[in-house]
Structure formats: structure tokens, C-alpha cells
Amino acid sequence: MISKDMEKAINQQINREFFSAYLYLSMATYFAEQNLDGMASFMQMQAKEEVEHGMKMYGYLEEQGARVLLEAIEKPDSEFDGPLDIFEKSLKHEQFVTKNIHNLVDQAIKEKDHATKSFLDWFVTEQVEEESSMDSIVNKLKMVGDKGHGLLMLDAQLGRRGE
Ligand code: FEO
């Protein structure tokens, strides 16, 4: 059993996870249009992971006998200014998600809700990985620049995600 406040907060996070999927899919379509197929595939995989994050929370609420309430998903940006812009925005977005996950943990601690705190631990660790992955791509893009041979090599590398 979890509190109504916690139920509401997790439902809000489910919405953010699905928005994240939407945002990364929008970025994937941009990359596909630019013929950066590796980056498009990377973003599609990222979007799938976000759906999995949302579904983990969905499953947790059901397990706890709480109600899943799906709200409208905000429209993501569709105009971007190249790969560096996209990965910088992705990093910023992940930092925003991390902040929200930490707020949820704070709330669980405040409510002495040990089950939710333990459930959220996985997300805390996952966010470290998500931020680090985006940060590393931003740094590589800064090194190789937004076009040319280096960009194509990075595109190929990102296309191998999940192999
Ligand atoms: Fe579900 Fe990228 O955080």
C-alpha cells in the first residue's frame, strides 16, 4: 500500500518517462531525415528504454494496488540544430529526469515508504548511466564537430548500440 501522494507522484513520473520516449523518437526522425541512421537507431532504442521505464512504474503501481492514471503526453520539439544540439538537449533532459527521480526518493524517505524507496533505487542507478552516456556523446561530438568523417564514424558507433 502506498500513499495517495506517492501514487500521484509516480503517475507524474510515468508521464515524464513516456514523454521522454516521445522526445527521443522525435530526435530519431530528425536523424533519419539527415541520413544519420546510426544516431536514429540509437534514439529509437533510447525511446524503447523510456517506455520500459514507464512500464516498470506502471507495474509497481498495480502491484501496490494503486491506480495508474495516464495523462496527456506533451508534444516534443521537432526542430533541432544538428547532432550536438540534440545530444546536449538529451543530456539536459536526463538531468531533469534525475532531479525528478531524486524528488521521488526524498518523498519516499519522508513518508518512511521503504518499498517505494527500494523500488526507486534501480532508477537512481539507471540515471547515472543515462547521464554518463549522453555526456560522453556530447564530448565526442565536441571533439569531432557536427559534420565530416568524424561524425560518420560516431554515427556508425552509435548504430551498434545493443549489439
Ligand atoms: Fe527514463 Fe532516460 O530516463
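Q127 lies in helix α4, a helix being a DSSP run of H or I with at least four residues, numbered from the N terminus. The model is predicted: local features need pLDDT of at least 70, side-chain atom pairs count only at pLDDT 80 or more, and totals for chains, interfaces and linings use all residues. Residues are numbered from 1 along each chain as its sequence is written, and side-chain values use heavy atoms, with hydrogens and water left out.

User: Why is Q127 called buried?

Analyst: Buried means under 20% relative accessible area, exposed over 50%, and partly exposed in between (1.4 Å probe, protein chains only). Q127 has 1%, so Q127 is buried.

User: What does Q127 touch, not counting residues up to four places away in sequence?

Analyst: Q127 touches E94, V97, T98 and I101, where contact means heavy atoms within 4.5 Å.

User: What makes α1 roughly antiparallel to α3?

Analyst: Their axes come within 11 Å and cross at roughly 170 degrees. Axes are lines fitted to C-alpha atoms, for helices over the stretch in contact, and angles run from 0 to 180 degrees between N-to-C directions. Under 35 degrees counts as roughly parallel, over 145 as roughly antiparallel, 65 to 115 as roughly perpendicular, and the rest as oblique. The crossing angle therefore makes α1 roughly antiparallel to α3.

User: Which residues touch the most other members of the largest nonpolar core?

Analyst: F31, M39, M43 and F87 do, in a core of 25 residues. Such a core is a set of buried Ala, Val, Leu, Ile, Met, Phe, Trp, Tyr and Cys residues joined through side-chain atoms within 4.5 Å. α1 gives the most to this core, with 8 residues.

Note on methods: Helices (H or I, at least four residues) and strands (E, at least two) are DSSP runs, numbered from the N terminus.
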